[in-house]
Amino acid sequence: KKQKEVQEKKQKEVQEKKHNYYIKMNAEMNAEHDDGTKLEARSFSLPSRQKLDNLAALDTRVRRAEDAVRLAENEKSIEPLRAKAELAQLVGTLDKLEGEIDGVTTMDIASGRNSARHYRKALHARLEAIRDHATELYTALDQQILLMSHTEKETLTKMEEDNAAEEQEENKIVNDDEENESLNKIEEEADDEENES
């Protein structure tokens with residue numbers, strides 16, 4: 001129950017943040033396009049809200065891509081091979097994201113058209129910055145790995161494999177704990193139902 005309450009609370013917070021963002025975006029659009037008088041933020045139509053929700057979901061994925069580049073940059077001196085592999089994978093993700101952002105059309109909406117267009121443009125600009133940073137970092141890692149001796153590469157590969165194995169083991173333990181907790185809850189509920197009968 002607690003976990004469900006926490007999830008519901010988080011969902012409400014996310015919805016509230018989205019709503020506040022739309023109001024702010026709309027107010028900015030109104031201020032930009034009116035004759036100088038400040039208009040109250042109006043609500044968006046359902047189709048406009050859906051488009052903006054889609055863009056907000058893509059925004060979250062763009063933020064994750066930004067985090068991934070920062071992580072790769074932090075790992076470059078410790079685990080350059082892993083960082084390079086993650087960057088290569090990220091470039092594919094960026095291409096897919098770009099297509100999905102382009103897929104959010106604005107011709108079929110009215111109330112949120114300007115907001116959606118500006119949002120889309122901002123997401124594209126962020127993607128381009130991520131791509132430039134990732135490409136720069138990838139090139140630097142390529143040079144760093146090229147300059148390593150064969151022994152250093154073998155040692156790094158072994159370290160990265162060990163780290164990956166440790167992560168996998170930790171994830172297995174967490175999953176086992178969650179599974180045991182779920183089974184315990186089911187047993188408790190069954191006992192409660194039996195006691196009620």
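A: Angles under 35 degrees count as roughly parallel, over 145 as roughly antiparallel, 65 to 115 as roughly perpendicular and the rest as oblique. This is a predicted model, with pLDDT of at least 70 needed for local features and 80 or more for side-chain atom pairs, while totals for chains, interfaces and linings use all residues. Numbering starts from 1 along each chain as its sequence is written, and side-chain values use heavy atoms, leaving out hydrogens and water.

Let's start with α3 (residues 80-102) and α4 (residues 113-147), helices being DSSP runs of H or I, at least four residues, numbered from the N terminus. Their axes (lines fitted to C-alpha atoms over the stretch in contact, with angles from 0 to 180 degrees between N-to-C directions) come within 9 Å and cross at roughly 160°, so α3 and α4 are roughly antiparallel. The residues of their contact (heavy atoms within 4.5 Å) divide into 18 nonpolar, two polar and seven charged; Ala, Val, Leu, Ile, Met, Phe, Trp, Tyr, Cys and Pro are nonpolar, Asp, Glu, Lys and Arg charged, the others, Gly among them, polar.

Now zoom in on Arg131, which sits in α4. Arg131 has 15% relative accessibility, so it counts as buried (under 20%, with a 1.4 Å probe and protein chains only). Beyond neighbours within four places in sequence, Arg131 touches Val91, Leu94, Asp95 and Glu98.

What about α2 (residues 46-75)? The axes of α2 and α3 come within 10 Å, also crossing at roughly 160°, so this pair is roughly antiparallel too. Among the residues making that contact are Leu58, Val62 and Ala65 of α2, and Leu87, Leu90 and Leu94 of α3. By class, there are 14 nonpolar, no polar and five charged residues.

Conventions. Helices (H or I, at least four residues) and strands (E, at least two) are DSSP runs, numbered from the N terminus. Buried means under 20% relative accessible area, exposed over 50%, partly exposed in between (1.4 Å probe, protein chains only).
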